[in-house]
Structures are given as structure tokens and as C-alpha cells.
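Hi everyone, thanks for making the time. I'd like to walk you through one structure this morning, so let me put it on the screen.

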Amino acid sequence: MSQQSGKLGIREYVSIAILMVGMKPTGDLPTALYSMVQGAGWMIPLISAGIFFIPLFLLVKTMMLYQNQNLFSIIQKLLGKYIGSIVCLIIFIISSSIISIDTRTYTNIIRTFYFTTTPNVIIYSILMLVCAYGAKKGIQHIGSAAYLVVYYAVLSLTIALILSFQDSNIQGIFPFWGPGKLEILKSASKNLYIFLDFFLFAMLIPYFQSTKDFRKGTWVAYICVCIQISAAVLVFISLFDTSLSGIGYPFHIEIRYISLGSYLPNVEIFFFVIWIMGAFIRFTAFLYINVQMFCHIFKIKDYEYLIPALATLYLLIGSISETPFDVSLIIKPIITNIVGPSFTLISIILWLTAWLKGEFKHANNKEMV
Amino acid sequence: MKKRLFNTFFNELNKTPPYNERSNESEIQLKEQDISTQYEQNLTTFKSIFSYPQNTDIKVREFTIRSLNRRGFIIFISTMVDSKSIQETIVEKLIENQVPSGNISDIISYPMERTAANIGEITEYICGGVTALFIDGDSQCYIFETTEVRGRGIEKTDNEIIVKGAKESFNERVADNIGLLRKKIKNENLIVESKVISKRSRNDVFLVYEKDLVNNELLQKIKERLDSIDSDKILDLSILEQHLEERPRSLFPTILYTERPDRAASYIEEGHIILLMSNSPSCLIMPATFWSLIHSPEDHYLRTPYGNFIRILRFAALFVAVFTSSLYIAITNYHVGMIPPDLLMAIAGTRERVPFPSIIEILMMEMAFELIREAGLRVPSPIGPTIGIVGALILGQAAVQANIISPIVIIVIALSGLSSFIISDISMNFAIRLARFLFILVAGFLGIYGATAFFMAALFYLVSLKSFGVPYFAPMTPHSISSKDLIVRHVPFKERFRPGYLKPKDLVRQRKG
């Protein structure tokens, strides 16, 4: 039966994308945005999405040329064996460092807010253990699990945001342009990394039922996600206002702050459960993509045996930094500043190469025939 | 690779002990032969095969057929045949008939006559309750299907009780069971195919499906699975179920076991395949998804709002049954801040004199509850209710008074225990009850984080489960066309599709219009 071949459906893909990208405002993203442009922080995701739309559009267009080929094989095909491999390796290293940093950030959140006496390494290893197990099951099962979780994740995020309305003050978004229009534009271009996951999803193309699903799913998820992030940041800005710059993880402060009526004053655990479920899916998919990259670069066929090894490696890399402070304020900005421009550059170079090589004309001719 | 290494190691450790089997080659050879025309030889052959007269219910009756003026004998197993009709329609006719005639079918009035010559084949027939007639000088033996198996009649369902809808259930006679299905699906495309699956006791199963609906690949897959079974005996459908399952050690079932013919019929109509077996008052429905294991036939018999109400109730109960105990442990041990202060004080007050940690309390009460439940099943019915009351009273009230457990634990256990009864499928019920213990342990280890991590791992496991190639959560994810009868159902006339994951030959149940 064809269902057994385990292809990724469009619903599953969109769910993974929403959980991977859309859950970012629950980390330290809003704080970073606020400290850059203050009240105009909510605009950044929208503008970044606008800027990132160009490379993503070019990338998707290039990807559509080749049916059922993943990002790396296309990079190698277009840029040649040696340059292509180097570019692939760079992408792999960047995304590896991002997964290490992000998992560490989430571990920090869990430790700081919910399990203050549990050693970091236990929380971290359980996180990686579950992710490794999930990644071993394959992307179609990650997708299925994501689809089962995504509604509750978005619903709980929405409820959490709505519950904070009564104490928030919409005037927090003023001055409307923050430090100035140019400054906003600059920060937006610095924050392209918010959407970098879409770039990485191109690794999953061979697992789709058709490449068209990838294109359609990408745009649907892209729109959902940028609205979601922007709305979340907006709510945090109006709830915390100026104090947002001093709050590490506003989502977790917020769910501690809100209450369901006067009888249930502390409901953070409900939101925590669903948030952590989303986080598991996010890192599972991320880990899986990284493993695929590694397999492609080093031509390994059995990826299953690689997953525990890479998961352990990320755990060790993530454990290097001593404090949450180091992670969020020193290491992360370095990575995020590199990611956006480099991925944009790669997308544009790919498209240019394909264009100069005449691949588009070639494809058109093929269609005509 | 690692697995193989381990296996060789273990094989070295426990080798199968050598034992001397007695060869039965001579008997096998005998069974391959045809019967002889010699009357005496046939008589001794069959007497020795059936160990007559040591085997008390084997009856051999010798007589002279007057009209042919030849010797003959019949052999049958008296406990499996209708003795009265043998006497009236076979023996009396043969003895009393005076008119000379060469044809046995003219003499005997018993219908369904067949002939056979192979000794092994005849032996199989006799074991199945058939009467065999041997006549001196004939190279064929006459077979009369006189089978009459004893069993109970069609009764009410015991385990899957519903209020509205059909009440009859399958029984141990497979002919009755097939009749019950035929009664509901009056269609010539309903195929009942039989297959012998075990070598020694020759148990047969019946595959029931609709020829113009079922997916041929699925059918082929199930037949292959049946053929691949290599066993001496499979006495019951529930044992066959374990042979058929892809993951027999898994906590979660992948085949639906039901005793309701109406349920089986509705699954046949969707393109599923049903297995029936003689001596089993139930049927197996394949493939089964998570949804079919959670649903109850009553969801569809009740009017839409009521049906959806009990279905949502059941889903809530599912979560309550799995998570209440672990949530209690997680919250009281790790996230005390969640409980409203007044309630927290009350809980702390009652727990003050209890010497155990709350996980021990919960485990003790869960065990007690499982004990009451299991004991309640096994005790003879007259004292059953008494045991229930004694159990509830002693374990609840007295344990609280003795400061062994706190009263809130009783509420928690009662809630989760009661909820676990709502899942009517017995396998799913066990899965849920066992999963509950696992969740209690992880919640005791790492609070809500541990429980969630475990839940996610379980979710990854569940979505990867397959029942004959059908994913466990189909058609929700991966998505396929269906009538969306998952968490809530539509009104019956909106359910227009058969489940797409089965790839039935006819997907649309009713056209629009």
C-alpha cells in the first residue's frame, strides 16, 4: 500500500513548521527584539518575514526545478562537488550550533522556572533522549505527532495570550516607530534567523508526497507563523512594557502571572505541559533534519545509528556554556547575526547559478515538450 | 548487528535440550494410502487409527446390507454426531431395504452424500463428526455429514453492553456466527472463506469480507500472515490474535476483538476483514486503528448529540484514567503552587499523619483497586457484590482511619479507576491501566516534566504503530478520506465515505444528492 511508504503530508509539514518556528516567541526572542527596537518589536517578525520572503521565494523556485531532491543534493549539483560540499558543511555547522544553543536555552527555562533543584544535565539529557527516540521513528511519524499536538499548542498559546489582556496596556507599543524606521529595518535584517527553519525544511523534500506540497505548505506555514510570532510579541510588549528588556523568558513570566479566575491562581503547569510538548516536537524535527544533513555530507545510509551519537554531541556542545546568561546574551547573538545573511546569500547564489546555467529555461522547454 | 551478536550469545547459553521423538512415519504413510476393497482390512485399519475400543466414543457398527447381500460397517464419533438420524436414515434403511439395488444413494435417505478413498482424508472427516460407510468390495467410502456440535444458543452480550441497539452476541458455534452476519448483510458478495491453520488439532478459521469492497492487497497480506503461522494448535481466536499481531509484545492492541455481530457487520461494510473461528464466541476485526478501539457501537445508535456526548465523555475518561494519579503525584510533589491555598491546606492537613510519601500511597491504592477488580471478576457470582462492598469499605474507609492513606488519594484512585471502566475494549482497557502505572512512576521521578517527556515518547511510539499497514491514528494523521468519524461523528447521512486508509474498491458509501 502506498501509505506505507511513509510520506510527509501537507498537514503534518505545516504542523511541524508551526511548532518549530511559531513557538519561538515562547523563548527569549521577545526580549531580544525589545532590547533592539523597544515598542516596535512586534513589527520585526513581519518585516523580517517580508525581507526573508525574497530568498525563500527564490529557494522554493529553485527547488521546484528538481523533483524530489533535497537541499544538499541541489547545492552540490549547482555549485559543484567541492564548493557545494563546503557550503553544505557550513550550513550543517550553523544549524548544529543553533540546535545546541536552543536546546540549552529550553533546558535553562525548565530549570529556572519549574525544576529549580534538578541538575541541568538530567533535564537536558531527558530532552535529548526523547528527541533522539522521536527522530529515530522518522519524519512522517514526527509529522503525525506534530499534527496531534499542534492544535493544542496553538490553542494554549492563544488562551495564554488572551488571559493576559486584562492587565495589559496597548499603549506600550508607542512610540510607534521605536528608535526610528531605519533602525527597525536594520534590526529586521538582523533577525532573519527567525525564519531560518524554512530554509532547512528544504532538506525534507524527498519525504514529501510531491514537491508541490512543499511549496504550498511552506507558504501556508510562513503566513501563519509570522502572524503568530508578531501577535505574541505584541501581547508581551503591551503586558510588560519597558520591563520586557529585563525579563529573560517573557512567556513563562506571563503564564505565571495569569490566573483562571480567583480560585485557580497558578495555572502555569497547564501551559508548561503543552509548551514542552511543542518543544519536544521542535527539537525532534530539528535533530532529524541535522542528521539528514550529516548523512548527506558524509554519505551515510543508515541514519538511525547516527541519531543517538549526534544527540549526545549536541548535548555536550550545549553544556559547554556555564550560565544561561552566556547562552542568551553572548553566544546566541553571534550565531543569529551570521545565520540570516549567510542563508539569504546561499539562496540567492543558488538561484543565480540555476538561472545562469539556464536551468529555468531548460525546465520551461521540458514543460513545453 | 548488535541484536544478532546478542542472539548468538544467548543461543550458546540456552540450547534446546535434546529429546528423542518417537517417529510416526508409519502412521503418516498409512494415511497417504487409499482404502482397500477388503472389508476386514478396512475394519482393522480404522479400528487401529481410532484406537477402538479404548477410545470410548468411537462407534463402529457392522451389519449386512440385505439388498446387496454384502457386509458393511459405519464408523463415527458418537459425541459429535446426530445419533438419531444415523439410526433412522442410514442404519435402518441399509438393514431393512429388501429391493435389490446397486446404488447406495437410492437406499439411504440421508442427504449430502459424498465419497472418499484416501485414508487420511476419511480420518479427518470422521474427526469432524462425519459418518463413514464402508462396504465390502467397494474401493470408495461413503461420507455423510451428520455433524451435530453441542453448544449454547445465541445469548445477550456479556462484555460489550449497550443500552440501545441489538443485543445478540456471537457464540461458540461458528455456523451460528456466520448466520448472524449473513442475517445482517444480505449480499452475494459477502464471502466466507475457510482456512485450516494448525497442523495437529486442525483448527479452521473463517475469513469474512465483502468481495467488492475489500482491498485485495490487504486480503492477501492477512492470508499470508495466516499461512505463515506454524503451530500445532490454536484453540481460540484470542490466541490467534497474538499470532497475527505485528507487535505481540506491545502494550497497545492492533486488532479489534469483539463479540458483537452488529459491530462486525458494520466493519465488513466498511471494507474490513473479519476472522471467525469455531469455539470462539467472538471475532477479530482487522485492521484496527486507535479510533476503532476507543469507539463503541452505541456512539452510532444514539442520536447524534447524545452519541457525541458519550464519545467526548469517553475521551475525557481516557485522559482521566491515564493521568489523574500521575498528575496528583506531580502536583503534590513538585508543583505545589498550583493548588489553591485552601485546598492545599486541606490536603496537607489530611496527609499530616500519613507516614508514606504520596507515590507509595498512590501505588498502594492502585494495587488495591486492581486487586478488587480482578477478585471481583473471579469470585463466584453470589458473593461478588459482597466482595465489592467489603473491598470498598475496608480499603477505603479503614485505610484512611488507620492513617495509611489520605482521603484525597481515595478520590483520585476512584476517579481514575472508574474512568478506566469506560473504555469497553478489553485490550485497550489493559493498555490504559498499565500505562497509568508507568506514568505514576515517571511523574514520581521527575514531576510533570518527566510525565510529559514520557507522554511524548509514547506519542512517537503510538503514531509509528501499524495494524496491517494502517497507521494507528489514521485517518486523522496521516490524513486520508473518511467520513470523519474520529473524536466526534456527523449525522449518519453525512458519513459518505468508507475509510480511505483501507483503500476499499468502492470508497463512496452514498453519493451526494
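This is a predicted model: local features need pLDDT of at least 70, side-chain atom pairs count only at pLDDT 80 or more; totals for chains, interfaces and linings use all residues.

Let's begin with the cores. The largest nonpolar core has 210 residues, and the members that touch the most others are A:A17, A:C131, A:L287, B:I274 and B:L275. Take A:A17 from that group: apart from neighbours within four places in sequence, A:A17 is in contact with A:F201, A:A221 and A:V225. There is also a second, separate core of 22 residues, with B:I74, B:L133, B:F134 and B:F144 among its members.

Staying with chain A, please find helix α2, residues 29-37. This helix is mostly covered, with eight of its nine residues buried. Those buried residues are A:L29, A:P30, A:T31, A:A32, A:L33, A:Y34, A:M36 and A:V37. What do they pack against? Four helices of chain A: α3 (43-65), α8 (181-190), α10 (211-240) and α11 (250-257). For those of you who like backbone torsions, α2(A) is followed by A:Q38, which has a positive phi near 50°.

Now to where the chains meet. On the chain B side, 25 residues are in contact with 31 residues of chain A. Which helix gives the largest share of the chain B side? That is helix α18 of chain B, residues 426-464, with twelve residues. By class, the chain B side has 15 nonpolar, eight polar and two charged residues.

Last, two helix pairs, both in chain B. As a reminder, packed helices are described by the angle between their axes and the distance between the axes.

From α2(B), B:L30, B:K31 and B:E32 meet B:I119, B:G120 and B:T123 of α6(B). That contact has two nonpolar, two polar and two charged residues.

In the second pair, α13 (residues 304-333) and α15 (residues 358-378) of chain B pack at about 165°, with axes 10 Å apart. So α13(B) is roughly antiparallel to α15(B). Their crossing is right-handed. On the α13(B) side the contact includes B:Y328 and B:I329, and on the α15(B) side B:I359 and B:I362. The residues of this contact divide into four nonpolar, four polar and one charged.

That's my tour, and I'm happy to take questions.

Terms used. Residues are numbered from 1 along each chain as its sequence is written. Chains are lettered from A and ligands numbered from 1 in the order in which they are written. A nonpolar core is a set of buried Ala, Val, Leu, Ile, Met, Phe, Trp, Tyr and Cys residues joined through C-beta atoms within 7 Å. A residue is buried if 20 or more other C-beta atoms lie within 10 Å of its own, exposed if 12 or fewer, and partly exposed in between; C-beta atoms are placed from the backbone. Two residues are in contact if their C-beta atoms, placed from the backbone, lie within 7 Å. Ala, Val, Leu, Ile, Met, Phe, Trp, Tyr, Cys and Pro count as nonpolar, Asp, Glu, Lys and Arg as charged, and the others, Gly among them, as polar. Axes are lines fitted to C-alpha atoms, for helices over the stretch in contact, and angles run from 0 to 180 degrees between N-to-C directions. Angles under 35 degrees count as roughly parallel, over 145 as roughly antiparallel, 65 to 115 as roughly perpendicular and the rest as oblique. A crossing is left-handed if the near helix is turned anticlockwise from the far one by less than a right angle, and right-handed if clockwise.
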